[in-house]
Each structure stands twice: as C-alpha cells, then as structure tokens.
Amino acid sequence: MASQMIWILGILLSFIGWLGTIITCALPLWRVVLDEMNPVAWNGLWKACELRTGTQQKWCFMYYQLDPLFLPHELQVGRVMVILSLIVGAFGIPLAVVGGKIINCIENEASKAKACIVSGVIFIIAALLILIPVSWSAHVTIRDSYEIYLTGRMRLELGAALYIGWASAVLLFVGGGLLCSNFLLSLSRPFTPANSGLARAV
C-alpha cells in the first residue's frame, strides 16, 4: 500500500512539474522591464512584448520576424533545453504509468520495477534540463540589472516564467526521486517463496 502511494505521488508531482515546464516554455515572461513598478516590456523564449506608451496597448512580436542576433544567447540555448525537457518528460510519463502495480500492461514485476526507476531517472533529467536555462536566464537578468543603464526609473526584473520553471524543476526532482525510491523499496522487501506456507504446514 505504501509502495502504491509513493508511486501515485511520484507520478502526480512529475506530471504537474511537466505541465509547469510547458507553461514556462510558452509564457513571454522570462525577463520584465519595469517603469515605476509598472511592466512595460516582456521577453520570453519565443516572443517579446511591449506596452505602447501612447495607446497603452500591448504589442507582441515573434523573434523570427527580427534579426536572429536579437535573441540573447541564453534564450537560444534555453529554447533547446526546455524543448528537450518536454520531450524527455513526455517519455517518462507512460513509463511511470506502466511501472505501477495498478496498471497491468506489464505482468512481470521485475520489468515493472525497471520501468518505474527508468521513469524516475528520466524525470530527474527533465528537471535538470529546465533548471539550467531558467537559472542561467535569471543570472543574466540580475547581472544586466546592475550593468545596463535604463532611462528614468526603469529596471529589469525576473519574470514569472522563471519562478514557474524553478517550481517545475523541484516537482520533477521530487517526483523522479519518489519513483526511484519506490523501486528501491521493492528491492528491500524480503523474498517470500511461494511454497513457504506449504513448508510450514509440513
């Protein structure tokens, strides 16, 4: 029973972390420019947005419409790593499902345990793939906030997507760790032969 609860919790946390990675990838909120505490520009992996001062309307444009050099290096690498995190996590979810005792896709218990630990390792790799670009982008934003001169009271801030990315990495780490520990827990159980009850009766 405890093994099943750990398995369910591991899958749940990993799946939520994977969904958070999708949100982190999609949101144009990796870097925010504030003017007197009001956001006036946003940058993400795929597009940038700005607030028109005259009309106060939000205008967004995709990076492919601009010079490729416009996209910072950390976001170029971030695109690749976040997409890899999503692909890796997508493989981990079905493996984690078939590795549980509730699902009977695999009858061999040893194969189920292997599928469970492989899915746990996959989720931990997915966590690293989202953690690295998010932390790198945060480092560059904090560094630029001190080095880049912005007019008036403008300043750079970390966007909400970075915080979602950090939370997603933690959930993927914990979920993957639980799935791996579930495998180790099954290994630590004492072996009871099928004919042990018959031996006692004799």
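**Aromatic pairs, a surface patch and a buried threonine**

Visitor: How many aromatic pairs does a search of the whole structure find?

Guide: Two aromatic pairs turn up in the whole structure. One of them joins tyrosine 163 and tryptophan 166 in an edge-to-face arrangement, 5.6 Å centre to centre and with 70° between the planes. Bear in mind that this is a predicted model.

Visitor: Where do tyrosine 163 and tryptophan 166 lie?

Guide: Both are in helix α4, residues 160-188, and they sit three residues apart, about one turn of the helix.

Visitor: Why does tyrosine 163 count as partly exposed?

Guide: Because its relative accessibility is 48%, and exposed would need over 50%. Tryptophan 166 also counts as partly exposed, because its relative accessibility is 25%, while buried means under 20%.

Visitor: Different topic. Which residues form the nonpolar patch on the surface?

Guide: The patch is made of Trp46, Val80, Ile83, Leu84, Ile87 and Phe91. Together they have about 530 Å² of accessible area.

Visitor: Where is leucine 84 found?

Guide: Leucine 84 belongs to helix α2, which covers residues 73-98. It counts as partly exposed because its relative accessibility is 40%.

Visitor: And threonine 141, buried or exposed?

Guide: Threonine 141 is buried, because its relative accessibility is 1% and the limit for buried is under 20%. The residue lies in helix α3, residues 109-147.

Visitor: What is threonine 141 in contact with, leaving aside its neighbours within four places in sequence?

Guide: With those neighbours left out, threonine 141 contacts Arg31, Leu156, Glu157 and Leu158.

Key:
Residues numbered from 1 in each chain as written. Predicted model: local features only at pLDDT ≥ 70, side-chain atom pairs only at ≥ 80, totals over all residues. Heavy atoms only, no water. Patch = residues over 30% accessible without salt bridge, like charges linked within 9 Å, V, L, I, M, F, W, Y side chains within 5 Å. Areas by Shrake-Rupley, 256 points an atom, 1.4 Å probe, with all protein chains shown as cover. Salt bridge = Lys/Arg side-chain N within 4 Å of Asp/Glu carboxyl O. Helix = DSSP H or I, 4+ residues; strand = E, 2+ residues; numbered from the N terminus. Buried < 20%, exposed > 50% of the residue type's maximum accessible area, 1.4 Å probe, protein only. Phe/Tyr/Trp six-rings, centres within 6.5 Å; stacked < 30°, edge-to-face > 60°. Contact = heavy atoms within 4.5 Å.
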